[in-house]
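Here is a short briefing on side-chain packing.

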Amino acid sequence: MYDVIVVGGSYAGMAAALQLLRARRRVLVIDAGQRRNRFAAHSHGFLTQDGEDPAVIAATARAQLERYPTLSWRKGSVANVSGAKDRFEVLTEDGERLATRRVILATGLADTLPEIPGLAERWGQSVFHCPYCHGYELDLGRIALIANGPEAIHHAPLFADFGQATLLTNALFPLEPETCRSLTDRGLTPEGRAILEVAGPLEGPVEVRFRSGEPLSFAGLFVATKTRPASLPAEGLGVALEETPMGTQYRTDGFKETSIPGLYACGDVARVPHSVSLAVGDGAWAGAMVHRSLVFDSPA
């Protein structure tokens, strides 16, 4: 019987595990090795790690966890979580059944990009989701935000501080004259044509080709993806999900507990917005709250 099984060994999962290991709890991390930012060569905005390769950050974190003797680590995926608080059962993809008192879901998210040819191949290299993570490195060059709906109008002005910004609506909604004036006043260029494809070197600059008219070149593109949990191993328990402007995530309370007592979730799969630093903070809090539960909410 483990005290805690953490499903997902990326930044949030490891941050949660660290708090529990320091309390000398028996922790098993099960990780499939599919970090959400595995496509990016550099991570930014994380204090002390700014500009580091995200794979190096993850490897360093795991090496530090492995100093604690109560850690177990398994490579693989979880097929199902069943049971209840203090007697959960975790079924791995290879058929092993593991008993644990608490479960932390830190599976991360999967991103769905707009169906524009050439976009997915450049994800994490010249196509990004977060200006704070990648905008500075584009050196105030020409950048563009590809809208996934009218809501893009409201956060597009943020991008004007990172470069010569254009809002590409991809013909998803009309650009009214008043909207165009507002965007222009805030330093953005509105562009309403339908996008045909994205071309150019994978690491930029990129060329956006339209269904009509001349193409436009940019140092980088930004796009708000639609997200969903990378896996749903506790779906059979009826764990509650919720919709956010960015997609689907687990619903948690202030202690990071889901709708199922004893089942917790943290990181990108349980909060918005998303970044490495925010995931680490969320995971650390979840780990501390799970330890609190083990101390105060378990049978004597």
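Y132 counts as exposed, because its relative accessibility is 56%. F162 has 16% relative accessibility, so F162 counts as buried. The model is predicted.

**Aromatic pairs**
- The structure holds 3 aromatic pairs.
- In one of them, the ring centres of F128 and F222 are 5.7 Å apart and the planes meet at 45°, so this pair is tilted.
- F128 belongs to strand β8 (residues 127-128) and F222 to strand β15 (residues 220-223), so the pair ties together parts 94 residues apart in sequence.
- Both F128 and F222 are buried.
- Y132 and F162 pair edge-to-face, with 5.7 Å centre to centre and 90° between the planes.
- Y132 sits in helix α3 (residues 131-134) and F162 in the loop between α4 (152-155) and β10 (164-168), so this pair links parts 30 residues apart in sequence.
- One aromatic cluster is formed by F128, F159 and F222.

**Nonpolar cores**
- The largest nonpolar core has 26 residues, and V6 and I104 touch the most other members.
- At least two residues of this core come from each of β1 (2-7), α1 (11-22), β2 (27-31), α2 (54-65), β3 (71-75) and α6 (276-296).
- α1 gives the largest share of this core, 7 residues.
- Beyond its neighbours within four places in sequence, I104 is in contact with V4, I5, V6, V7, A16, L20, Y264, C266 and V290.
- Another core, of 21 residues, lies apart from it and includes V81, L98, V103 and A265.

**Charges over rings**
- R26 places its charged end over the ring of Y2, 4.7 Å from the ring centre.
- The charged end of R193 sits over the ring of F210, 3.9 Å from its centre.

Methods:
Residues are numbered from 1 along each chain as its sequence is written. This is a predicted model: local features need pLDDT of at least 70, side-chain atom pairs count only at pLDDT 80 or more; totals for chains, interfaces and linings use all residues. Side-chain values use heavy atoms; hydrogens and water are left out. A nonpolar core is a set of buried Ala, Val, Leu, Ile, Met, Phe, Trp, Tyr and Cys residues joined through side-chain atoms within 4.5 Å. Buried means under 20% relative accessible area, exposed over 50%, partly exposed in between (1.4 Å probe, protein chains only). Helices (H or I, at least four residues) and strands (E, at least two) are DSSP runs, numbered from the N terminus. Contact means heavy atoms within 4.5 Å. Rings of Phe, Tyr and Trp (its six-membered ring) pair if their centres lie within 6.5 Å; planes under 30 degrees apart count as stacked, over 60 as edge-to-face and the rest as tilted. A charge sits over a ring if NZ of Lys or CZ of Arg is within 6 Å of the ring centre and within 35 degrees of the ring normal.
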